[in-house]
Amino acid sequence: METTTQQNIIAQGTKIVGDIASQGPFRIDGTIEGNVKTSGKIVVGKTGYIKGTLQGENADFEGKFSGKLILSGTLSLKTTAHIEGEVHINKLAVEPGATFNATCSMKGTVKSLANESSKSEKAAVKA
């Protein structure tokens, strides 16, 4: 299966109700009510809104999101971003002014803390 580098664009004024799956990156300036799954980057413009589940690698938000957000990489929130729901990410970058009302789980940090504490326990046992 070929992967595409072309960007999928959901234009302002467009509303999609349903699930979307793609290998390529997304630019969303319209509204999506449903599940979006991609291995590419997601950019949500100021007029963009996603209500549902979003799965991907990295995401840049200027618009709104409500639902469950699962990223293997970084979530970047610009000043105009408004995020609500449940968020599972690796890294988070938030500009002043962004709204982030979500329960957040950061996978990378939890993993490294667990490894460090188990190393400390092993070192204590050996000593």
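**Entry 1: strand pairs around β7**

I looked up strand β5 (residues 31-38) and found seven bridges joining it to strand β7 (residues 49-56), the two running parallel. I count two strands as paired if DSSP finds at least two bridges between them. Strands here are DSSP runs of E with at least two residues, helices are runs of H or I with at least four, and both are numbered from the N terminus. Within this pair, T31 has Y49 of β7 as its bridge partner.

I then followed β7 to its other listed partner. Eight bridges join β7 to strand β9 (residues 64-71), again in parallel. L54 is bridged to L69 in β9.

**Entry 2: what I am looking at**

The model is predicted, so I noted the limits: local features need pLDDT of at least 70, side-chain atom pairs count only at pLDDT 80 or more, and totals for chains, interfaces and linings use all residues. Residues are numbered from 1 along each chain as its sequence is written, and side-chain values use heavy atoms, with hydrogens and water left out.

I checked pLDDT, the predictor's confidence in each residue, from 0 to 100. The chain averages 85, and 80% of the residues score at least 70. Over residues 109-124 the pLDDT is below 50, and this stretch has zero contacts in the model beyond near neighbours in sequence. A contact means heavy atoms within 4.5 Å.

I listed the elements next. The chain has one helix and 13 strands.

**Entry 3: the six-stranded sheet**

I traced an open sheet of six strands in the order β1-β4-β6-β8-β10-β12, with parallel pairing. β1 (8-10) and β12 (91-94) stand at the edges with a single partner strand each, so one side of each has no neighbour in the sheet.

Strand β8 (residues 59-61) runs parallel to strand β10 (residues 74-77), and three bridges join them. D60 stands opposite S76 in β10.

**Entry 4: the nonpolar core**

Which residues have the most contacts inside the largest nonpolar core? I found I28, L54, F61, L69 and L75, in a core of 22 residues. Such a core is a set of buried Ala, Val, Leu, Ile, Met, Phe, Trp, Tyr and Cys residues joined through side-chain atoms within 4.5 Å. Buried means under 20% relative accessible area, exposed over 50%, and partly exposed in between, with a 1.4 Å probe and protein chains only. Among the elements that give two or more residues to this core are β6 (42-44) and β11 (82-89). In soluble globular proteins, nonpolar side chains tend to be buried together.

I took L54 as an example. Leaving aside neighbours within four places in sequence, L54 is in contact with V36, I42, F61, F65, K68, L69 and I70.

**Entry 5: an aromatic pair**

I searched the whole structure for aromatic pairs and found one. The rings of F61 and F65 have their centres 5.9 Å apart and their planes at 70°, so the pair is edge-to-face. Rings of Phe, Tyr and Trp (its six-membered ring) pair if their centres lie within 6.5 Å; planes under 30 degrees apart count as stacked, over 60 as edge-to-face and the rest as tilted. F61 and F65 are both buried.

**Entry 6: D29**

Is D29 buried or exposed? D29 is buried, with a relative accessible area of 16%. I placed D29 in the loop between β4 (26-28) and β5. Apart from neighbours within four places in sequence, the contacts of D29 are I10, A11, Q12, G45, T47 and G48.
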